[in-house]
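Dear colleague,

Please find below the structure for your review. My notes on confidence and helix packing follow.

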Amino acid sequence: MRDDAFTRRRALLIGLGVTGGAWIAPALCGYDTARASGGSVSAVSRASAPSRPAPPRAARPELLLLGPALQEGALEAAGYVVLQSRAFAGAQLYRLLSPARLSTDQALSDLARRFPAATVSRNTLYRSGAFLCEGGDCLAHQAISWPLSRRVSARRIGMIDTGINLGHEALKGANIRVFQADLGERSQAGRRHGTAVAALLVGQSLSRTPGLLPDAELVAVEAFHKSGTGEAADAFTLTEAVGHLIGAGVAVINLSFEGEENPVLHLALQEAAARGIALVAAAGNDGAGAPPAYPAAWPEVIAVTGVDAEGRAWRQANRGPYMRFAAPGVRLWTAASISGGRLQSGTSYAAPFVTAALALRLAENPDLSLEAHLRALESCTTDLGVPGRDDIFGAGLVSLEDQCGG
């Protein structure tokens with residue numbers, strides 16, 4: 001992480017009264033009945049519902065405030081509706097509806113004036129975005145020199161996504177713990193995207209959709225809800241999810257989603273990065289002329305784009321100087337939501353290849369810094385496009401050949 005970003009993060013946290021220490025668990029959390037995941041048990045933790053009734057939905061913007069613990073009455077007296085509240089790193093995170101009389105910009109300015117020690121922002125939404133497996137071979141694994149027979153230990157992996165179908169045959173016996181983030185008054189998203197990403201990471205090697213690290217432990221946070229335009233996760237829920245994974249002691253977090261820049265979510269990811277956690281994100285699925293996609297474009301995050309079986313860039317992938325690696329992500333065979341598999345494309349499906357590579361390297365060489373591991377991965381890449389690092393492929397197609405660095 002860059003020194004200036006680190007200085008700003010520490011200054012803000014100190015201003016909020018944060019002096020370090022472990023993640024403070026969200027309030028109002030209980031544990032639901034555990035459910036089986038093949039040979040292991042996945043505890044599903046669900047936050048209890050707020051005591052106040054859910055406010056009526058209206059076309060009023062949602063805002064976030066991260067700062068010292070406040071009396072909710074002070075917010076409500078100013079016309080704000082507190083939808084949810086969670087502890088985060090010694091401060092308090094609030095999800096708010098702004099007063100009807102104020103525009104979004106006016107409400108942000110009003111909050112900043114009333115609570116100058118806090119960080120305020122919109123409650124940004126983030127969205128989830130042919131390599132075949134036949135006859136015991138997976139072309140995606142071959143493309144990065146990753147044999148299906150690889151049975152190794154790896155560092156604990158974190159993942160923030162939609163729900164996961166733990167009954168899928170690819171995930172039977174997998175070591176997966178699932179935490180359901182509190183979605184407030186909103187309904188859970190489906191399980192298609194999360195099941196596919198989880199199978200890419202830890203799917204059983206003898207299944208039709210084998211994973212990269214079938215023996216690894218995966219801690220997954222289900223953070224997405226159904227929205228009017230599909231499935232999305234807001235910055236409030238994603239911040240809670242990051243905090244949960246910090247507390248779970250993961251070494252790498254897979255972030256297969258994209259959206260706009262948000263200072264509250266950025267602060268949460270900076271906190272994770274400062275604790276040595278590798279952050280791997282999908283580069284974005286909005287095309288060559290699109291603005292940077294977040295969280296991938298933040299300097300603490302490792303951006304991964306997708307390529308096809310010929311090493312060509314996916315036409316819908318974002319481009320920009322924040323690209324770090326390319327990985328298989330076009331017509332990729334992975335788990336469907338209920339059973340079996342299907343071909344899927346997107347930078348979401350490329351990110352797990354780099355997540356798995358880092359989890360493996362961190363386990364094999366725990367004394368090396370994250371940046372040293374990243375340099376080793378870069379030394380192993382297959383250069384694509386123009387010579388050297390570029391805005392389309394980053395350093396190139398990631399590879400796990402044993403003779404390459406680290």
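Residues are numbered from 1 along each chain as its sequence is written, and side-chain values use heavy atoms, with hydrogens and water left out.

Confidence is highest in strand β17 (residues 252-255), at a mean of 98, and lowest in strand β1 (residues 29-31), at 21; strands are DSSP runs of E of at least two residues, and helices runs of H or I of at least four, numbered from the N terminus. Over residues 1-58 the pLDDT is below 50. Where pLDDT is low, the predicted coordinates should not be read in detail.

Two helix pairs may interest you.

Helices α6 (residues 235-248) and α7 (residues 263-274) have axes (lines fitted to C-alpha atoms over the stretch in contact, with angles from 0 to 180 degrees between N-to-C directions) that come within 9 Å and cross at roughly 10°. The two are therefore roughly parallel (under 35 degrees). Contact (heavy atoms within 4.5 Å) involves residues including L238 and V242 of α6 and L265 and A268 of α7.

The axes of α8 (residues 347-364) and α9 (residues 370-380) come within 10 Å and cross at roughly 120°. In α8, A357, L358, R361 and L362 meet L370, H373, L374, A376, L377 and C380 in α9.

Yours sincerely

Definitions and conventions:
Predicted model: local features only at pLDDT ≥ 70, side-chain atom pairs only at ≥ 80, totals over all residues. pLDDT = per-residue confidence, 0-100. Parallel < 35°, antiparallel > 145°, perpendicular 65-115°, else oblique.
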